[in-house]
Amino acid sequence: MIASVRGTVTATGPDHAVVEVGGIGLAVQCAPGTIAELRVGQPARLATSLVVREDSLTLYGFADDDAKQLFELLQTASGVGPRLAQAVLAVHTPDAVRKAIANADTAALTRVPGIGKKGAERLVLELRDRIGPVPVGADGAAGVTAGAWPEQVRQALVGLGWTAAQAEQAVAAVAETVDGETPPVPVLLKQAIRLLGRTR
């Protein structure tokens, strides 16, 4: 079990980072919010969870041990695999996930792509008693408030190698498409990457 990695970030992509540890580059699957905090050429420490399948070994990385533990707990629920568990943590903070499950807030859980009403109800039913303490004042979705997402997307794009000007342009273009409820940050980031992909 690889519980964490510490080393130099040598590359980042939309859904992963490469961290060099002792001369070996480890590809780590990360949510966009985690990738946004990493800088190529800089040291980083990621809490990690190794998922073993018959045909693959996949290392998932998180900003802290709390997110990693919740990632592993989410997978104990029926029908939740590592990709869906990571999607939950890409949309919501760990505290917000705990609050949503503890309060049976299925509306918050269904904001995660891939989780429908029945899936959200199953998460509540199976994890409510094991989710741990819910901090007072735990907020909602991570970065879906109207004021927060532009800066998160901008930082993620710069972290992925685009210039600040390109990132600013893409954020402005994506902002024009947002009408009504703001989509989750990963969705907005993908839109921005798609737009920039055309200009490269």
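Start by selecting helix 3 (residues 82-91) and helix 9 (185-199): each supplies at least two residues to the lining of the second largest pocket. Helices here are DSSP runs of H or I with at least four residues, numbered from the N terminus. A pocket is an open set of points on a 1 Å grid over the protein atoms alone, where a 1.4 Å probe fits and protein lies on both sides within 12 Å along at least five of seven lines; lining residues have an atom within 4 Å of a point.

You are looking at a predicted model, where local features need pLDDT of at least 70, side-chain atom pairs count only at pLDDT 80 or more, and totals for chains, interfaces and linings use all residues. Residues are numbered from 1 along each chain as its sequence is written, and side-chain values use heavy atoms, without hydrogens and water.

Next, show Asp 15, Pro 32, Gln 86, Pro 186 and Lys 190, which lie nearest the centre of this pocket among its 17 lining residues.

Last stop: Ala 104, in the loop between helix 4 (94-102) and helix 5 (106-109). Ala 104 has a positive phi of about 55°, although it is not a glycine. With 34% relative accessibility, Ala 104 is partly exposed, a class that runs between the buried limit of 20% and the exposed limit of 50%.

Key: Buried < 20%, exposed > 50% of the residue type's maximum accessible area, 1.4 Å probe, protein only.
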